[in-house]
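Subject: Structure handover

Hello,

Please find the structure below. My notes on it follow.

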Amino acid sequence: MRTSPYSLAILVALASSIDAFAPTRKPHASSSLLYAESHAAMPSASSNFLTPELAQTCIDVASGTPLYAYSLAALAKSADDCLAFPNAYGLTVRYAMKACPNGSILKYFLSRGICIDASSGFEVRRAMDMGVPAEKISLSSQELPSDFAELVKMGVKVNACSVSQLERFGQAFANSSQKVGVRINPGVGSGGFSSSTTGFSKTNVGGPSSAFGIWHELVTDGTIPSIVDKYGLIVERIHTHIGSGSDPAIWQSVAKKSLSFCAMWDTVTSLNLGGGYKVGRNPGEKTTDLGEIGAPVADAFRDFAAEHGRELRLEIEPGTYLVANAGALVTTIQDKVSTKSPSCDEGHIFLKMDAGMTDVLRPSLYGAIHPITILPGSGKSSDIGTSTESVVVVGHCCESGDLMTPKPGQPESLEERTLRTAEIGDIAIMDGSGAYCSGMSTKNYNSFPEAPEVMIDMEGGVHLIRKRQTLHQIYENECDVPAGVFGSAEVVSNEGVMA
């Protein structure tokens with residue numbers, strides 16, 4: 001088989017990306033402590049999967065920075081892990097496409113037999129436009145789309161996520177024995193930097209502080225069963241979702257509780273245990289051991305079968321686990337400023353990327369920590385320096401909150417990071433940017449265009465999978481108001497012509 005220089009580069013770099021997915025049983029430690037330990041070591045000469053040479057090739061293919069790069073090898077590894085999730089009577093893996101909805105990624109997961117978890121009617125249509133069959137799509141949405149009945153008739157599986165959604169579903173399919181899923185808030189959740197299972201957290205979607213799903217007591221008190229009976233619906237699926245923390249004890253507890261809801265309807269054939277599986281983006285961070293959390297759940301399914309005579313199929317819907325460490329944001333250091341002086345003890349050296357919250361919002365929104373690697377602007381490994389410096393990394397937006405190195409869980413507090421000494425024009429790689437980055441950003445703020453995306457194949461070849469947005473595309477849907485509205489005979493149209 002032909003081995004290109006790029007394939008050698010990606011194989012060498014892949015060792016670190018594969019380690020990122022490997023289960024670890026190290027005890028929890030604070031992010032600050034983990035970074036204090038990692039700062040003592042010399043920064044890596046490559047990112048998770050990008051060497052200077054491969055990063056430069058990505059830049060060339062995308063015609064500049066910023067850009068998102070995805071490793072097909074890393075996507076394959078994470079897909080393998082999820083498809084091997086322990087189960088008793090069959091498994092359906094659904095990719096939470098909100099994590100990264102690029103069509104090429106959807107098509108790859110479809111080729112692996114992975115179905116789709118959609119969070120809006122628009123995501124459903126987008127997935128179908130990419131060739132995903134309707135019957136392989138499940139919809140759990142905070143906003144039931146107006147065309148949900150049409151989607152159901154096409155084969156999309158809908159989970160009712162509130163009492164009113166179930167009522168609307170029943171009204172659309174009254175007395176037709178239509179199958180439906182029911183999403184239940186089990187009363188607890190897990191996620192974010194908070195250890196609370198019932199309090200509010202931006203990545204916790206279970207418990208009394210979460211608006212997601214039908215409160216579990218409305219199921220056990222007869223409210224939901226009465227609606228199901230009133231419209232002659234058939235509950236075929238129970239769905240729960242606790243968030244992105246994936247605490248093994250909480251996950252297993254919720255799984256057993258969810259099975260009790262399955263026992264309420266003898267028509268239920270599958271249980272969807274939603275919830276993201278945490279991945280370690282940074283050195284020392286723990287990645288969820290799917291075998292550890294899955295094996296007891298498989299046993300619980302077997303116990304349910306022995307008691308109720310029904311073998312339920314397990315559904316999971318990972319997003320972060322599948323794509324987080326398979327993606328990186330590739331940027332250029334476009335400026336470097338300092339506020340240090342003899343008269344100021346609080347000064348810093350700031351590195352300014354040509355990207356920011358327009359591309360990766362997680363640090364500004366959650367205080368999320370992403371590893372950052374400085375590579376030489378020449379794109380040559382031989383030019384990698386050995387000196388380091390403590391810096392604060394910020395984005396390009398005219399916004400004080402555009403901070404790429406916050407304190408863990410504190411988006412309004414900056415923290416210095418020890419990186420290889422950078423010069424203007426050097427490359428900065430932000431790893432762990434495959435999930436909830438390109439698909440969840442403040443794109444077009446300050447009229448910055450949406451960044452392109454590239455895919456690195458198994459041989460190290462780089463392929464453009466989304467073009468860079470043009471300036472005109474940002475405002476092409478804007479319309480002029482009728483003449484005279486501004487009280488002036490002359491106004492400038494969107495085309496820049498006096499009217």
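The mean pLDDT of the protein chain in this predicted model is 87, and 84% of its residues reach 70 or more; pLDDT is the predictor's confidence in each residue, from 0 to 100. Residues 1-39 are one of them, with 70 contacts in the model beyond near neighbours in sequence. Residues 191-204 are also below 50 and have 41 such contacts. Contact here means heavy atoms within 4.5 Å. Where pLDDT is low, the predicted coordinates should not be read in detail.

On conventions: residues are numbered from 1 along each chain as its sequence is written, and side-chain values use heavy atoms, with hydrogens and water left out. Because the model is predicted, local features need pLDDT of at least 70 and side-chain atom pairs count only at pLDDT 80 or more, while totals for chains, interfaces and linings use all residues.

Core

The largest nonpolar core has 99 residues, and Tyr95, Phe109, Ile238 and Val323 touch the most other members. Such a core is a set of buried Ala, Val, Leu, Ile, Met, Phe, Trp, Tyr and Cys residues joined through side-chain atoms within 4.5 Å. Buried means under 20% relative accessible area, exposed over 50%, and partly exposed in between (1.4 Å probe, protein chains only). Another core, of 17 residues, lies apart from the largest one and includes Ile59, Ala69, Val330 and Ile427. Leaving aside neighbours within four places in sequence, the contacts of Ile238 include Val182, Ile184, Phe261, Trp265 and Leu271.

Glu167 sits in helix α8 (residues 163-172); helices (H or I, at least four residues) and strands (E, at least two) are DSSP runs, numbered from the N terminus. Glu167 counts as buried because its relative accessible area is 19%. Beyond four places in sequence, Glu167 contacts Ile227, Lys230 and Tyr231.

The axes of α8 and α10 (residues 223-231) come within 9 Å and cross at roughly 10°. Axes are lines fitted to C-alpha atoms, for helices over the stretch in contact, and angles run from 0 to 180 degrees between N-to-C directions. The two helices are therefore roughly parallel, the term for angles under 35 degrees. Val163, Leu166, Glu167, Gly170 and Gln171 of α8 meet Ile224, Ile227, Val228, Lys230 and Tyr231 of α10.

Strand β16

Glu412 lies in strand β16 (residues 410-414). Glu412 is exposed, because its relative accessible area is 80%. Its C-alpha atom is separated by 9.0 Å from that of Ser400, 12 residues apart along the chain.

Regards

Note on methods:
Angles under 35 degrees count as roughly parallel, over 145 as roughly antiparallel, 65 to 115 as roughly perpendicular and the rest as oblique.
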